[in-house]
Amino acid sequence: MRAPRPKVAIAAVAVAALAVAGCAESDRGDSGESQKDTLVFGVAGDPKVLDPSLASDGESLRVARQVFETLVRPEEGGTKITPGLAESWTPDSTGTVWTFKLRSGVKFHDGTDFNAEAVCVNFNRWYNATGLMQSPDVTPYWQDVMGGFAKNEREDLPESLFKSCAAKDATTVDLAFTRVSSKVPAALMLPSFSIHSPKALDEFKASAIGGSADNVQYPSYAMEHPTGTGPFKFKSWDVANKTLTLERNEDYTTGPKAKLKTLIFKTISDENARKQALRSGDIQGYDLVGPADVEPLKGEGFNMLTRPAFNILYLAMNQKGNPKLADIKVRQAIAYALNRQALVDSKLPPGAKVATQFMPDTVEGWNSSVPTYDYNVEKAKQLLAEAGATNLTLRFHYPTEVTRPYMPNPKDIFELLSTDLQAVGIKVQGIPLKWTPDYLNATSSGSAHDLHFLGWTGDYGDAYNFIGTMFDRQKAEWGFNNPALFALFKQADSTADSAARFELYKQLNAEVMKFLPGVPISHSPPAIVFGKDVTGVKASPLTDERFATAEFKS
Amino acid sequence: MFRFIVRRLLQLIPALFGLSILLFIWLHRLPGGPETAILGERGTPEMRAAIRQNLGLDEPILVQYGRFMRRMLRLDLGSSIATKREVTTEFLQRFPGTVELAVTALIIAIAVGIPLGYLAARRRGKLLDHVSVAGSLIGVCIPVFFLAYVLKAIFAENLHLFPSSGRQDPTLEATRITNFFVLDGLMTREWDAAADAIWHLVLPGIALASIPLAIIVRITRASVLEVLGEDFVRTAEAKGLTERVVRQRHVLRNAMLPVATTIGLLTGGLLSGAVLTETVFAFSGIGAFIADSISQRDYPVLMGFIMIIAVLFVLVNLLVDLSYSLIDPRVRVR
């Protein structure tokens, strides 16, 4: 009889473990049936805030898109403007006053009526914001789109684009702007312009941002009481378990009611962990699928959706950083030197395309006949020789520890691009930097860099949001000053007639590609995956996936 | 005893003060700031400057430290720059997860490690001994994230025995009181919630336990072997005591002293070593949150969390010192 006690102890532990296993397994099995109207969706990060007026991160906006609605919204699976809470909208002859005809019979989650008055309460809330509500990190999208406020409290704030709101009757509202802008009405589809219940805004003191500038505290509305008109209602946010639960809005009238009873967003920051959670059944879908996982998961029968590409990866050439780059011939040589097709074929997810300009072809204003620079080593060498830049050395910054929808694997991209440059005789000095803060700081300021790559994902379906953001003014990232180009951007932005504006966008795309401040590389379609038995969701280029249409196949 | 405790608690004040200065300067001297993480690739130098100014990060570091200290003295740790929640709230929501995970790992490591180490020593040179020595070597060497991946691949993805992520099935809608999910489940009699929380702890617990387990096996084995060779064991055996009495009263008890010391040291490591495990198992704890906060330069969270953890460590150490005198009467606390 040797060592009976440890054996008994081990056996006891094993039996206990099995007993708990059986118990928990049966629990999971039991709830399996009723889970068919509950979808758990894996996301990469916790939402930051539930009031989308204060949000700019994708996860907060994803939640907002289910709980709130905007006056106009992108078409399902596309970028074109379609009716949301407004059924129609028309500008006046000056292009500065827009009349929105609203849906009737819509109710907020707290049972109050949605009407023109409610729209004005929301716009006035944003416009009349004071104190901490004017912080650039508190109301980022308002400041991005509208500029400033009724009374600007910071000197660097521009005049507000928004001027006033007038409720003409219950279903008619006039929004007046200080000037014509390409942002109206397209930008109003941003979740940050979601319409909230005036009663809830007041009751939970939504605008009372507490604390001090360096110690901002959101009001309870932004953390616990988001109240919109969307197909899902907010139920709970379990920070300790990293899950956020929404439930079906039974009184939803804007469209068909949600098929799911419960929608849960579960944060799993690690990409591999999300994949394993899907395979093990913890979640029934997730976003930000790694490009390498797209084909395997598809092969296993998971419902893989590919979003139409709504982004751009580009190589920037800093003309201030290196005077040689101010020579158009050198910039052209670099463009000719890059084998972008090989990069797209070997390093980007299926469906990626070589870019001919700095915006995707899904946006109005894309130009099919811009100057192009197809891979041509000889021409590149010749241009370098003509420019007297045969012995060129370039400091090439690239980021580490990051993947972006337009850039799944920066190091691989850097290696391919630098090999191409070396093939035409350009010496490359690779400088790896940590994405945040080092890389972003280095590339957007100063003169320490010659080349770097970066990208942009569009916020809404307007060309200005792509090319205007990059090139409508002097920026340290590019280091050039081109007043003629800037003037043309200003003209396009202030053209009220959309057809005329789209023509100007086409012209701008051609001008940009002629001037060639950088080389547009590719558009990559990000993927989003659902369980084998989940259907009904349409992938959106704007990540505006509507979970209301999601359902389990019976 | 009372004076000892008071003196130790008073010593805490200068220690925390020094730590706060060092930490504050070190954190704020890291290149970049929270504004880059907030703005991402959308930031222009002007926007970043506006945010820095707003957060008061453009002021001299002493002014910033003064502001931090004034808040600290009011026991206010401020709010996270990223989430805008109070730092103490963030801590109370995340720390219980880390503690549950560490305790699970410790239980697994002790429950398996001590018997295994003991048996290996008793059967020195036999198969079990070789297997456990080799196994513990692998346990120390194998990277936690790889073990986690393999465990999940086998037990979650293929066998569907355990969940692969999180602390609890969100569809259970469990009640939260302390944020210790197992405890909450027991307190509210939501047995399924408690069982589910335990169930979620198994795989991350094993992954996190791998290294401590291996260490405990080796220490126990070595310690038991050493004690087995001692004179008093031979004396006891010669006295005619049964093997069982010798083993339990003499060998095991004496062999446990170094093991207990090792376990004490491992506990601290478990709390801080949970970062990887928490990340790969999407387990809501302080480790993963601190890692995120470093990359986001969320100064208030980093300052607050590290200060709280420092206080907790000092308190735990104090308890350990006090417990020595209980275990071993020869140790006197003065």
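**View 1. The area buried between chain A and chain B.** In this predicted model, about 6000 Å² is buried between the two chains, and carbon and sulfur atoms supply 50% of that. Buried area here is the accessible area, taken with a 1.4 Å probe, that two parts lose on being put together, summed over both. Over in chain A, A:Asp214, A:Ala240 and A:Gln276 lose the most area to chain B, and together they make up 11% of what that side buries. Counted by residues, 73 from chain A are in contact with 70 from chain B, contact being heavy atoms within 4.5 Å.

View 2. The rule picks out five salt bridges between chain A and chain B; a salt bridge needs a side-chain nitrogen of Lys or Arg within 4 Å of a carboxyl oxygen of Asp or Glu. Take A:Arg279, which forms a salt bridge with B:Glu157, with 3.4 Å between the closest N and O atoms.

**View 3. The side of chain A that touches chain B.** Several elements of chain A each supply at least two residues to this side, among them strand E1 (38-43), helix H7 (271-280) and strand E19 (451-457). Helices (H or I, at least four residues) and strands (E, at least two) are DSSP runs, numbered from the N terminus. H1(A) gives the most, with 13 residues.

**View 4. The disulfide in chain A.** Over all chains, the structure holds one disulfide, meaning a pair of cysteine sulfur atoms within 2.5 Å. A:Cys120 and A:Cys165 form it, with their sulfur atoms 2.0 Å apart. The torsion about their S-S bond is about -80°, so this disulfide is left-handed. A:Cys120 sits in helix H3 (residues 116-127) and A:Cys165 in strand E6 (residues 162-169), both of chain A, so the pair ties together parts 45 residues apart in sequence.

View 5. B:Cys141, at 57%, counts as exposed. The cut-offs are under 20% for buried, over 50% for exposed and partly exposed in between (1.4 Å probe, protein chains only).

**Notes for all views.** Residues are numbered from 1 along each chain as its sequence is written, and chains are lettered from A and ligands numbered from 1 in the order in which they are written. Because this is a predicted model, local features need pLDDT of at least 70 and side-chain atom pairs count only at pLDDT 80 or more, while totals for chains, interfaces and linings use all residues; side-chain values use heavy atoms, leaving out hydrogens and water.
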